[in-house]
Amino acid sequence: MSFPAEFHEIAKRVNNWGRWGADDEIGTLNLITDEVVREAAATVRSGRRVPLALPLRQDGVQSGLIPGRVNPLHAMVQINQELFGPGTVACSDDVVTMGLQAATHWDALTHVSHSGRLYNGRPATTITSHAGAEFGGIDKARHVVSRGVLLDVARALGTDRLDGSHAVTPEDLEAAEDLAGTRVRAGDVVLVRTGQIQVYLAGDREGYGYPSPGLSVRTPEWFHARDVAAVADDTLTFEIFPPEIEDLWLPVHALDLVEMGMLQGQNWNLEELSTACGESGRYAFLLSAMPEPFVGATGTPVAPVAVL
């Protein structure tokens, strides 16, 4: 299927290929400068820490909708084993098999391609079964610490959870920005709350994934105009699902990751953060969301923490 003209027009407007050089592998993370991090640290007032990750568990968010993306399978390989003889210290060890994007995660810039290309014009064939992503793997995103801004779209629109058919628009983001009382600026990591994670937390994995509110194809231009470093939300698919343009699957992924080179995250639990920000009246904070440095991986689990 060919992409519609609307997609190509947006792609041209948000394209960052070559902006940080032909060899750049981290895209908009370049916007997180030392000055941005210093200013982010200055947002800390109470020191309250809010975890944003879902537990890694076998009955996690994956329901089979995405082939091969399995929930964590945890097994013990040692249980109180005295490795150095009787009476010595006993050890217990574990192993886990899981999809790297199974739960709360970052998508690397190589997670999707379109028209045979990855971010910065690299060929999609640079992803191989043996080495994974030769270019732009998640290990290249070595530090993600910046000012986080919660755009609580659900609260801004007067609801606890957006309807499954709701495509989050730039106008919605600006309404949430007004609620937050702060303007999103260069180098920020934006967290968009739809409330959809509540469906999973209530025990409905299938309903959590489909139908789902999420970002509209119009939002990449808004993030590009604000020079946002990364975006995450509280849904399985990140963007609205099913898509708002019939048969155009994952266009926001393609625009964010391929054209813009902007890290994106899914399955972030923003419920406690929404409460904390509402109570304090502050929606900007220091965010630590360090990727696990799996070499050549197209995504990674992450355990983000917001510090207010």
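Guide: We will go through cores, cavities and salt bridges in turn. This is a predicted model, where local features need pLDDT of at least 70, side-chain atom pairs count only at pLDDT 80 or more, and totals for chains, interfaces and linings use all residues. Residues are numbered from 1 along each chain as its sequence is written, and side-chain values use heavy atoms, with hydrogens and water left out.

Visitor: Which residues touch the most other members of the largest nonpolar core?

Guide: In soluble globular proteins, nonpolar side chains tend to be buried together. A nonpolar core is a set of buried Ala, Val, Leu, Ile, Met, Phe, Trp, Tyr and Cys residues joined through side-chain atoms within 4.5 Å; buried means under 20% relative accessible area, exposed over 50%, and partly exposed in between (1.4 Å probe, protein chains only). Here the largest core has 37 residues, and L52, W106, L191, W268, L273 and F285 touch the most other members. A second, separate core of 28 residues includes V14, V168, W222 and A254.

Visitor: How many cavities of 30 Å³ or more are there?

Guide: A search of the whole structure finds two. A cavity is a set of points on a 1 Å grid over the protein atoms alone where a 1.4 Å probe fits but cannot get out, and its lining residues have an atom within 4 Å of a point. Points are joined across faces, edges and corners, and a volume is the space filled by probe spheres set on them. The largest cavity has about 50 Å³, with E25, K140 and L263 among its lining residues.

Visitor: What do the side chains of D227 and R19 form?

Guide: Side chains of opposite charge can pair when their charged atoms come close. A salt bridge is a side-chain nitrogen of Lys or Arg within 4 Å of a carboxyl oxygen of Asp or Glu, and this structure holds 14. D227 and R19 meet in one of them, at 3.1 Å from N to O. R19 is partly exposed, at 38% relative accessibility.

Visitor: Are D188 and R147 buried or exposed?

Guide: Both are buried, and their side chains meet in a salt bridge of 2.8 Å, N to O.

Visitor: Which residues are linked in a network of salt bridges?

Guide: The network links D152, R155, D160, R193 and E271. Within this group, R155 pairs with D152, their closest N and O atoms being 3.9 Å apart. R155 is partly exposed at 33% relative accessibility, whereas D152 is buried at 0%.

Key:
On a 1 Å grid over the protein atoms alone, a cavity is a set of points where a 1.4 Å probe fits but cannot get out, and a pocket is an open set with protein on both sides within 12 Å along at least five of seven lines; lining residues have an atom within 4 Å of a point.
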